[in-house]
Amino acid sequence: MTCVHLLLTLVFAVSLGTPVEIQRPRGVPLTSIQFYVENKPFTCLDGSRAIPFDRVNDDYCDCKDGSDEPGTAACPNGSFHCTNAGYRPMFIPSSRINDGICDCCDTTDEYNSGAKCENTCKELGRKEREVLQKMAEITKEGFLLKQHLIEEAKKGQQEKKSKVTDMQGNKKQLDEKVEVLRTVKETAEQPEKEAKERHLKAWEEQKAAIRLEKDKAKMAEAFFVSVSELQSHAELDADADGTLTETEAQGLMGGAEQVDTSTFESVWPNIKDKYHSEVSREEADMSCLVSSEVPFGKMFFFFFTVVKLSAQKARDDFEEAEKALREMDDQIRNIEKELSFDFGPDAEFTYLYSQCYELTTSEYIYRLCPFNRISQKPKYGGSETNLGTWGSWSGPENNKYLLMKYEHGTGCWQGPNRSTTVKLTCGKETVVTSTSEPSRCEYLMEFTTPAVCQEPANTDLSPHDHEEL
Amino acid sequence: MAASRGRWVLLIVLLCVSARAVDRSNFKTCEQSAFCKRQKELKPGQSPYRALLDTLELSDSRITLQLINDNNKVRLLLELYRLQGNMTRVKINELKPLKPRYEVPDVLISDPFTETLSVVSQDENSLVLSLGGKDQRLIVSAQPFRLDIVEGPQVLVSLNSRGLLAFEHLRARKDTISHKISSTVGSMWDSLKSIFSSKSELEQVTEQENVEQRTDEDGQIKEEEDKPGMWEETFKSHTDSKPNGPSSISLDFSLPGVEHVYGIPEHADTLKLKNTDGSDPYRLYNLDVFQYELHNPMALYGAVPVLISHSTDRTMGIFWLNAAETWVDISSNTAGKMMFGKILDFVQVSSEAPQTDVRWISESGIIDVFIMLGPKPADVFTQYASLTGTQSFPPLTALAYHQCRWNYNDQEDVKSVDQGFDEHDIPYDFIWLDIEHADGKRYFTWDPSKFPQPKEMLQGLMDKRRKLVAIVDPHIRVDSGYKIHNEILSKNFYVKNKDGGDYEGWCWPGNSGYPDFTNPEMRAWWASKFAYEQYEGSMENQYVWNDMNEPSVFNGPEVTMHKDALHGGWEHRDVHNLYGLYVQKATADGLVERSGGVERPFVLTRAFFAGSQRYGAVWTGDNAAEWGHLKISIPMCLSLGLAGISFCGADVGGFFKHPSAELLVRWYQAGAYQPFFRAHAHIDTPRREPWLFGPENTALIREAIRQRYALLPYWYQLFYNAHRTGYPVMRPLWVEYPDDVATFSIEDEYLIGKDLLVHPVTDEGATAVTAYLPGKGEVWYDVHTFQKHDGEQSLYIPVTMSSIPVFQRGGSIICRKDRVRRSSSCMENDPYTLYAALNSQGSAEGELYIDDFHTFNFEKAKQFVHRHLSFSANTLSSRNLAPDSQFSTASWIEKIVIIGGSQPSSATLKNADGTESALEFEFDSTLAVLTLRKPGVNAAADWTVILR
């Protein structure tokens, strides 16, 4: 039987070299020491019951809240405190006590498992301080850059706002100008329009006459008298089976075997739409003529040119003014759009607008254009894939500006549309540092920017073990 | 990422027209399978077969007889064996086949032991043989031929009673060039032929003999008409050349008094097999079915041709040892309809009695069938285990929780998932890597950019006492830069196509070869590839998963290998269902060898056959995140367990599609109580590690997994027993309550061993389940509340999201390790808590099994602890079940919980050395639960606790 023995006394040799003896049960933090008084009944921390003190850490769970076994794995919900002198103290689930795995850097969690643990707290503490130091430097510099970015952004915003106001004033003038020119144009166009209409009417009449004549000519050419003659024209086949049977031909001819000219006139309307002959080419020419918008007779052409010339100038003037107005509208809209983005509480993300940042991996080139879109392009040829367009800030409630969400990218086979989450961390540089696809078609991009650097707190970077001393 | 996956996406799009459900048209119906269609055209009636009793030969171990088909005069040889342990083996082959027919090797663990089969009586039309035991007789009726096994006045089973014995003899092809020319040019061709080939001369001789043999009865040759599909068969764009022509076999079995038959996995169907009249028969043909449908007799990934029949009178089994494509028809009938002749001298026939008729049809090979006569369920398990072996005893860690996904992308991903489990305080033992881990799907290698330092990764896991599984599939990328391919090529180990070249097909890596796993030399070579120095980057905490071993061939007929492909002298047709078993066997052998024979292997397989239980675990393949799939996982694993394969599980969460949080939680709760417990997900699905569904669901999943870990000692002991006896670990209720008809069709609850009854919640939004608690006079205790319920009742149980209805049988003692840690290895030396649930007589018993949890020393050196725990007359004691075994454990008894007892005035622990000590205890009088505090005795010791 391997029963773990109660161990009440721990001797701490702290980094300063002065041995300090503190009596407390294994796994209890200093903050709770008052609840564990030797030789007095122990009351479970949830108050559920009291037990003799020798049942604290006796490797049997008596308290429902696990508080009687802070130093053994007996309770399913217990927690063990390691001091980790030189590093930071921590609580681990008591199930990790003596499980053969070194969890506490001071090795105190493995006191009876045979696991060979080394005390790594000093090393960890040193590393952590180094990292924190580095982080602090980056944060400090980043935060300075951020202030600069904020200034720039505010300046830029002011400029843009006043620009919009200016432009809106100019636009008003331009609006008026356009209206004036429109009236001028419409007046100038009146004679032209009338002339056109007049001529069109005449042309329609002329066209009808030509058509009638052509039809007659065609009928004359087509005139035939027998069923067999008609049968040679397969295009007249009624049931489209490819041959014109005798019966079908007779049907077209109104039941007769043969017809004379006058009867043919009654047959002709049945077949003329399908009938093919040499005239059909002329027919095509004519239909081309008919469909063209304005026919130019010589007389008409002269008249029309004069009228048109006077209208053209008014038209050009008007169009020029209208174009200028449209361009101004676009500019205003673009600036307004830019101003409408949420560039952070102090507009610190403004500088990212209309910029793009690339990261090249072994297979792809990733391109992040903040507030616009993210794409992925194979390094060695192939088309670009949209990994999402700007959606929203989606960080946690306390700081939504730590994550960007880009959505509705190219669809995945049998899956969702691609989307990307961009995780922003404080850095001096503005760079994409990594990309990954943790879940199919859901990308994760890490991006450093000074814009998320927080004001450095005036923190003391010395080890966190004061509590234990 | 996208580029490498582009290829298979395209493949899948091409192959699987419907992406949402199985494309049935990819798979044959019986009508589309030429031999099945031919066989099904034969209807029940008078059999043309006649036994020639004068050909009887009797030896100590068997009798033989010739059968003749009066229609075509072909003779068959019938062999009958009486096997030890109450079994009868019936073998039928052609007396003189044109060439040998395939007899399945390597499935039986040894030649079954025979017992003397003696002739009791004989007349002109029958032969009565004694099967020993309680007046058991085997009656051979000569004309029409049939076999009946009777016990006293009862017929147990009849063979060919419906006249469906049909044996397509091998024959020379009539429409070959030689046949056509010889009919016109005659002798000229014969002389030409003799110049070119001496072999064909030989064949001709055999052919003549065969014809002679067929004519000797009445001098008439009745040439059978060729039917479509006999010599060539085309399905979709694939042609099966069938150089050997028709070769199918069929035999019917009638089971009087039987209404319930089970087994013949793998099908996504009910536990109780359905009547197949009017539908396709159940099909056994290992296939990679994309997004399989539920409640369907279609073939799936594995096949075990074992059918179990059960009635209140008797449990029996039929083991049809044939590895070719097989169809099983099941119909209900009335007993007595087919009774006539000699048997009527023996039996009383009630024409009203129900009967189940079963007909087996296979494409090639011989009839080799084992009739396991029971009579109890446990007897059938023992009988089947004596033929094909028992469940391999897995290392304990394999019974713990497995976290899988297609794919964990890279080493970083593996590390962060591993950390995620610790951060959320959820135990797990294994993380799995699917096909993307290998370099270009070249198995035995690692993707150099995603897994540049596999050993570093494995060491990281080992430091947490955890393990990893990496996939190794049997399709080998054809690539002259790939060592494995080159070696197989140079050793000539690939399966051949019909023309003798290396068979190639499409699978994950693109063009692939398929090693011939039926070749023992090939298997030995394959096993050697798992040696640490061969498999670079592998370590002892890395195990293996064999997928796609049906084998899956994306561009093959029915997504598998062409039947005319060649494995040495045999066609793929003959060996198909056996291929997957060999793959897993060779892999498991490799894992044993790499440890110098010390460590127990763990290999998961998707394809399997009878005997696969000896090599590891199986799972139910590519299921989907649907409630129906969660439900069907129960009957699917129960059916597998009945057929010997206990180590079964379904992908928790469902492989395809995205489970709702509710479905995922329910699946974890169900999976925690199934033998193989692994979560898995398709690459296209969103991530679903247990902590991604909010803190409440994380807590629910954590609790389900913890329940699994606490019960690991019980699971381990059951697997030890399964390994020794062949009893399934996960059991249908009827196995333990064979007389309770109400249990016969239950498939929404089951027993783990005989002492735990589980009714998982498998309905969306369920607020209650109704569980049937079996056993008259039995009592059941809710394991969470200790509430007591009487047996033989349907119990309405309100449920919440945290409920997993589990009951412990009164009369049982279950050992748990209630200190759940982050992996099972971390719990190795932890103490046990004994849960003794008393029956109505106030007694209970159970077992405790302990060993080193991972080596073969339990077997080789008898290093284990096996204790019998019993409670009666207020005394609980632990007794050694294996006095000749030796093992010392650090584990001790931390607590004893006696459920359903009364309050004692004192509790005394008596140690083996006679010392006594008083135990403290608490008694909860409302639930009648007595808790004995900290007996502290070593788990391997003899001890007694006396309550007064």
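Two strands count as paired if DSSP finds at least two bridges between them. With that in mind, here are some close-ups of this predicted model.

View 1. Strand β27 (residues 510-513) of chain B is joined to β26(B) by 4 bridges, and the two run antiparallel. To find your way along the pair, pick out B:Gly505: its bridge partner in β27(B) is B:Ser512.

**View 2. The open sheet of chain B.** Step back from that pair and you will see 3 strands in the order β25-β27-β26 (chain B), with antiparallel pairing throughout this open sheet. At the edges sit β25 (476-477) and β26 (504-507) of chain B, each pairing on one side only. As a reminder, strands of a sheet pair through backbone hydrogen bonds, either parallel or antiparallel.

**View 3. Helices α14 and α15 of chain B.** Here helix α14 (residues 661-671) and helix α15 (residues 694-710) of chain B have axes that come within 8 Å and cross at roughly 10°. Angles under 35 degrees count as roughly parallel, so α14(B) is roughly parallel to α15(B). On the α14(B) side, the contact is made by B:Ala661, B:Leu664, B:Val665, B:Tyr668, B:Gln669 and B:Gly671, while α15(B) brings B:Asn697, B:Leu700, B:Ile701, B:Ala704, B:Ile705 and B:Arg708. Sorted by class, the residues of this contact are 8 nonpolar, 3 polar and 1 charged.

**View 4. Helices α15 and α16 of chain B.** Follow α15(B) to its packing with helix α16 (residues 712-725) of chain B: the axes are 4 Å apart, at an angle of about 50°. The two helices, α15(B) and α16(B), are therefore oblique to each other. Look for B:Arg708, B:Tyr709 and B:Ala710 of α15(B), which meet B:Leu712, B:Pro713 and B:Trp715 of α16(B). The class count for the contact of α15(B) with α16(B) is 5 nonpolar, no polar and 1 charged residues.

View 5. Now over to chain A, where A:Ala457 lies in the segment after β14 (442-449). Is A:Ala457 buried or exposed? Its relative accessibility is 53%, so A:Ala457 counts as exposed.

View 6. The domain assignment gives domain 1 (20-118) and domain 2 (350-449) in chain A. Between the C-alpha centres of domain 1 and domain 2 of chain A there are 46 Å.

Methods
Residues numbered from 1 in each chain as written. Chains lettered and ligands numbered in written order. Predicted model: local features only at pLDDT ≥ 70, side-chain atom pairs only at ≥ 80, totals over all residues. Heavy atoms only, no water. Domains from an automatic or database assignment. Buried < 20%, exposed > 50% of the residue type's maximum accessible area, 1.4 Å probe, protein only. Axes fitted to C-alpha atoms, helices over the stretch in contact; angles between N-to-C directions. Parallel < 35°, antiparallel > 145°, perpendicular 65-115°, else oblique. Contact = heavy atoms within 4.5 Å. Nonpolar A, V, L, I, M, F, W, Y, C, P; charged D, E, K, R; others polar.
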